[in-house]
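Hi there,

Here is the structure I promised to pass on. Please have a look, and then read my notes below.

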Amino acid sequence: MSNSYAIEIRDLQKSYGQHEVLKGISLTVAKGEVVSIIGGSGSGKSTLLRCINFLEQYDGGEVLVNNRLIGYGSSVTGGLYQLPENTIQSSLRKVCMVFQQFNLWPHMRVLDNIATPLRLVKKMPKLAAYAMAEAQLEKVGLAHKASSYPSQLSGGQQQRVAIARALAMEPSIMLFDEPTSALDPELVGEVLNVIKDVASEGMTLVIVTHEMGFAAKVSDKVVFLADGRVEEQGPPSQIFGAPTSPRLLQFLTSWNERQNGGSVN
Ligand code: ADP
Ligand code: MG
């Protein structure tokens, strides 16, 4: 049975107009598992993540989070109907997403950025919210920046604040959409280290990333998306060491060439 899955996706389909972006994705993420999603630009990685937490409505298939249907239920006649908004939100309470562009509030101090959602969404009392915010900031190594504004921080530090803000919500599942893609190369490592710490604590993580070395180290499973389909999935040893799909091999070869050949852009 599916009881141990944090996320279960069955035949997920999504189009934008005539453009079929997800062409029947099936995927499971066990509780505590770290799954990386790799693939070329436009292959549907962000759309897949956004369907998991229903930032995006999909057209077919099913998404279950902690065994609860997200977005749509199946009617007795076989069609889909949209679940009530509060049912969806309650099922997604334990899911947090971290974006490429940190999405911090520029006019708020770092500590307020973390405490405010706790007060608004979780209805936490002020003292408890600020205590939690301080604890999470400490955890990402930024206690000394509590009173700074986001613009006074480096990109890497801002992303660590965004991760602290997500952690403060006490999620059981975290979704990362290219969390280091907006960063200068020298700032990537500090963010990946924070994510690695989170992974080691048993949180369920789905990470869209172009950092293949990181994906190889941290993931239990790697999923290669190509053209809206799961082209290949497996443990990092298979995906990076013995890929069977020619498309994956080609993707990894050109990634390697970019790494070794220096920057082309
Ligand atoms: P990835 O994250 O793998 O780069 P995306 O999931 O962002 O890919 O996008 C997959 C495809 O869907 C792309 O061709 C993109 O242009 C298209 N797309 C994404 N979002 C939208 C949207 N809101 N409206 C129309 N097309 C979109
Ligand atoms: Mg994307």
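E8 stands opposite L64 in strand 4. Strands here are DSSP runs of E with at least two residues, and helices are runs of H or I with at least four, numbered from the N terminus. This is a predicted model, where local features need pLDDT of at least 70, side-chain atom pairs count only at pLDDT 80 or more, and totals for chains, interfaces and linings use all residues. Residues are numbered from 1 along each chain as its sequence is written, chains are lettered from A and ligands numbered from 1 in the order in which they are written, and side-chain values use heavy atoms, leaving out hydrogens and water.

Strand 1 (residues 5–16) runs antiparallel to strand 4, joined by five bridges; pairing takes at least two DSSP bridges. On strand 5 (residues 68–69), L69 stands opposite L64. Strand 4 and strand 5 are also antiparallel, with two bridges, and in their hairpin, which has two residues between the strands, N66 takes a positive phi near 50°. Five of the six residues of strand 4 (residues 60–65) are buried, meaning under 20% relative accessible area (1.4 Å probe, protein chains only).

**Two packed helices**

Helix 3 (residues 110–120) packs against helix 4 (residues 126–139) at about 130°, with axes 8 Å apart. Axes are lines fitted to C-alpha atoms over the stretch in contact, and angles run from 0 to 180 degrees between N-to-C directions. The contact (heavy atoms within 4.5 Å) includes I114 and L118 of helix 3 and Y130 and L137 of helix 4.

Best wishes

Methods: Buried means under 20% relative accessible area, exposed over 50%, partly exposed in between (1.4 Å probe, protein chains only).
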